[in-house]
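Here is a friendly briefing to read alongside the model. Please keep the sequence and the 3D view open as you go through the points.

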Amino acid sequence: MKHKTFFWFILPTFLAMFFFITLPIISVVIQSLHTPHENILITVENCDPFGCKKVTSIDHEATRDLKNEKPLGRFVGLDIYLDRGHLAFEQVKDHWNKSRDLVSFFSLISDLPFYKAIFFTLTFTFTVTPIMLVLGLLIALGVNSINKQLKGLIIFFSLLPMIVTPLIGSIILFWMIDSRGIVGNFLQLMFEDPNFSLKASTFLTWITLIVYGVWHAIPFSFIVFYAGLQTLPKDQIESAQIDGANTFQQTIHIIIPHIMPLITFVTLMQLMDNFRVFEPIIGFNAEAHATSLSWIIFNDLGGETRQLSAAATSSILTIFGIIILLIPVLIKTWKEFDFKK
Amino acid sequence: MSFSTTKNNKHNNNLRNIIIYFLIFSWVFLAAFPFIWTFWGSFKVELDFFSIANWTNAITGKNTEQTYGSPFTFVGYHGAWVQEEFWKAFINTSLVCFFVVLTSLTIGTLGAYALSRSNYKYTFWLLIMALIFRSMPPITLVAGYLPPFFEWNLWGILPTTIIVLVSINQPFTLWMLHSFFQNIPKELDESAKVDGCSQYQAFGHVIVPVMWPGIITTGLFSFLLAYNDFAVTSMLLSDENRTMVPQIAAFLGTTYTEGNVMFAVAAVVSATVPLFILIMFFQTKIVSGLTQGAVKG
């Protein structure tokens with residue numbers, strides 16, 4: 001395609017992405033390096049018959065002028081990145097010196113809000129991803145081996161947890177695990193403890209969120225693997241059966257190698273997807289026990305005090321995390337692209 | 001000897017089938033039950049839906065019958081749609097989804113077609129940029145939107161949110177349509193060009209007639225992204241312009257305090273129904289869309 005034709009075809013989508021993705025990213029970077037102006041104080045000496053007093057007050061006019069002149073605030077470099085709400089280098093160094101072993105070090109820094117969010121985000125990402133891969137594969141293998149008529153219906157219901165709005169899905173489960181809900185009721189009977197609640201402890205909240213994450217993600221791996229199983233080399237399976245391989249051996253030696261590219265694909269997509277975990281924390285009302293990077297940004301942006309600088313800094317750090325997870329995908333795209341020689 | 005092996009195999013097969021059916025039915029149960037349960041419960045009063053006395057009340061609707069003379073009541077739906085004006089949120093969601101899908105597909109089709117028919121270095125870098133943008137959580141961009149939107153009074157209105165959602169969806173749309181267009185042989189438009197068509201005519205006369213299956217699948221996913229979005233819509237829309245998902249989140253706060261949880265339950269069920277219908281009609285399209293990216297590698 002000629003450069004000029006290409007230009008006109010790509011222009012609308014390019015402009016949309018330029019103005020609403022690229023420029024916002026630049027703006028986020030700039031905001032993360034600035035902090036709102038402090039109020040300008042003036043000291044006036046008030047003299048009355050009893051003597052002179054110095055009174056300090058906010059110079060509203062000068063403050064307003066300064067804000068109009070430099071709406072971004074004052075430049076602080078990487079200060080916000082290093083403050084207590086983000087990377088907290090000083091506190092980390094302090095904790096490192098104070099703690100005797102790694103366990104106590106981690107328990108100390110997990111009280112810092114940003115590290116707390118990172119711990120949950122990573123735990124969520126690296127538990128949900130393997131569990132959904134294994135369960136999705138098992139269900140795909142199962143569905144593949146049963147008769148055809150049921151398959152459509154099974155796929156229909158299987159799609160629900162993934163297609164339904166994440167916030168709505170998590171709210172529905174949240175109502176069920178409520179101590180007055182059906183699952184909550186059963187758990188109380190099971191543990192013979194009328195006060196048992198999944199919302200009470202950090203550990204149980206994390207388990208709940210991870211179970212939700214798996215429930216939400218299984219359909220994706222199931223559908224992709226199921227599609228992959230339709231292209232299995234039949235002759236290989238048959239000859240393996242003749243040689244006496246059982247189902248387990250067939251799965252390990254033929255099926256898994258055959259769908260390996262799909263496993264890689266699902267893993268990479270899921271790592272990125274789970275890294276942005278956010279809605280379930282709102283839906284399960286879990287922010288007291290579990291926060292994620294996306295939740296921190298949302299929390300800073302919301303409310304009466306929109307802390308844009310803090311949110312911008314968390315955003316940049318989150319984007320860094322995503323890019324690290326993305327590197328394998330980028331390399332793969334590079335290798336596969338059909339460059340004009 | 002051979003007899004006993006077959007018997008053994010048969011025994012193994014039976015056991016295997018039992019495990020398989022058990023696994024599948026537990027999954028289908030886990031996937032479907034929460035929705036069926038909540039749908040059923042949405043026609044009950046709170047004392048039945050959240051039952052302290054006996055969980056079977058949620059099925060039989062004992063308290064609902066005592067209050068309204070029938071085990072089913074539309075009080076929750078009436079409260080949500082009429083009293084809390086959920087219909088406004090429904091209209092807003094419809095508007096947002098309609099325009100997001102329309103605009104996304106229009107500009108995405110043109111862009112993806114160009115990307116699939118060009119293999120210069122800049123094509124690769126555009127695709128890589130789109131890939132990075134696609135993987136970024138949309139919430140990371142919101143801090144960049146707020147200052148200019150406040151400054152120019154663009155915050156809170158539907159058109160702004162629609163344009164933002166279109167732009168955020170573009171990377172995804174481009175990648176999906178790009179792989180669809182790559183499956184349409186280049187020879188088709190090449191031969192049209194040999195016959196004297198310009199690139200635009202080749203696109204209009206040769207590609208447009210055969211691209212609809214890909215467009216419909218991509219459109220479904222654009223719809224889902226717009227419909228399901230919470231982070232961006234809740235940050236960029238004012239209270240009166242809220243779409244359904246942020247409205248439900250807002251309900252949770254207000255209705256809990258006012259004891260109208262059933263309004264929220266009814267709203268949640270109402271917002272799930274369109275998705276249910278969508279899956280019913282487009283199940284195969286959704287499945288092919290999910291596998292499309294994967295099968296391509």
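Helices here are DSSP runs of H or I with at least four residues, numbered from the N terminus. Buried means that 20 or more other C-beta atoms lie within 10 Å of a residue's own, exposed means 12 or fewer, and partly exposed is in between, with C-beta atoms placed from the backbone.

This is a predicted model: local features need pLDDT of at least 70 and side-chain atom pairs count only at pLDDT 80 or more, while totals for chains, interfaces and linings use all residues. Residues are numbered from 1 along each chain as its sequence is written, and chains are lettered from A and ligands numbered from 1 in the order in which they are written.

**Helix α8 of chain B in detail**

- The helix runs over residues 139-151 and bends by about 35° at Y145(B), with a proline, P147(B), following within four residues. A bend is the angle between axes fitted to the seven residues ending at a position and the seven starting there.
- Its buried residues are I139(B), T140(B), L141(B), V142(B), A143(B), G144(B), Y145(B) and L146(B).
- L141(B) counts as buried because 27 other C-beta atoms lie within 10 Å.
- Not counting residues up to four places away in sequence, L141(B) touches I21(A), P24(A), I25(A) and V28(A). Contact means that the C-beta atoms of two residues, placed from the backbone, lie within 7 Å.
- L141(B) and V232(B) are 91 residues apart in sequence, and their C-alpha atoms are 8.9 Å apart in space.
- With residues up to four places away again set aside, V142(B) touches L301(A), V232(B) and M235(B).

**Where the chains meet**

- In total, 82 residues of chain A are in contact with 76 residues of chain B.
- Helix α1 (residues 3-32) of chain A supplies the largest share of chain A's side, with 15 residues.
- That side of chain A is made up of 59 nonpolar, 15 polar and eight charged residues. Ala, Val, Leu, Ile, Met, Phe, Trp, Tyr, Cys and Pro count as nonpolar, Asp, Glu, Lys and Arg as charged, and the others, Gly among them, as polar.

- The largest nonpolar core has 154 residues, and V142(B), L165(B), A226(B), I248(B), A267(B) and V268(B) touch the most other members. Such a core is a set of buried Ala, Val, Leu, Ile, Met, Phe, Trp, Tyr and Cys residues joined through C-beta atoms within 7 Å.
- This core lies between domain 1 (1-30) and domain 2 (84-295) of chain B, because both give residues to it. The domain bounds come from an automatic or database domain assignment.
- The C-alpha centres of these two domains of chain B are 44 Å apart.

**Other helices**

- Helix α9 (residues 158-183) of chain B has 26 residues and reaches 36 Å from first C-alpha to last, close to the 38 Å expected at 1.5 Å a residue. The expected span is 1.5 Å times one less than the number of residues.
- α9(B) bends by about 40° at Q170(B), and P171(B), a proline, follows within four residues.
- Of the 26 residues of α9(B), 19 are buried, so the helix is mostly covered.
- D189(B) lies in helix α10 (residues 186-194) of chain B, and it counts as buried because it has 22 C-beta neighbours inside 10 Å.
- Leaving aside neighbours within four places in sequence, D189(B) is in contact with A202(B), F203(B), V206(B) and I207(B).
- I324(A) lies in helix α16 of chain A and is exposed, with 10 C-beta neighbours inside 10 Å.

**Positive phi angles**

- Most residues other than glycine have a negative phi.
- N153(B) has a positive phi of about 60° although it is not a glycine; N153(B) sits in the loop between α8 and α9 of chain B and is exposed, with 9 other C-beta atoms within 10 Å.
- A88(A) also has a positive phi, near 50°. A88(A) is found in the loop between α3 (79-82) and α4 (89-98) of chain A, and its 19 C-beta neighbours inside 10 Å make it partly exposed.

Notes. Helices (H or I, at least four residues) and strands (E, at least two) are DSSP runs, numbered from the N terminus.
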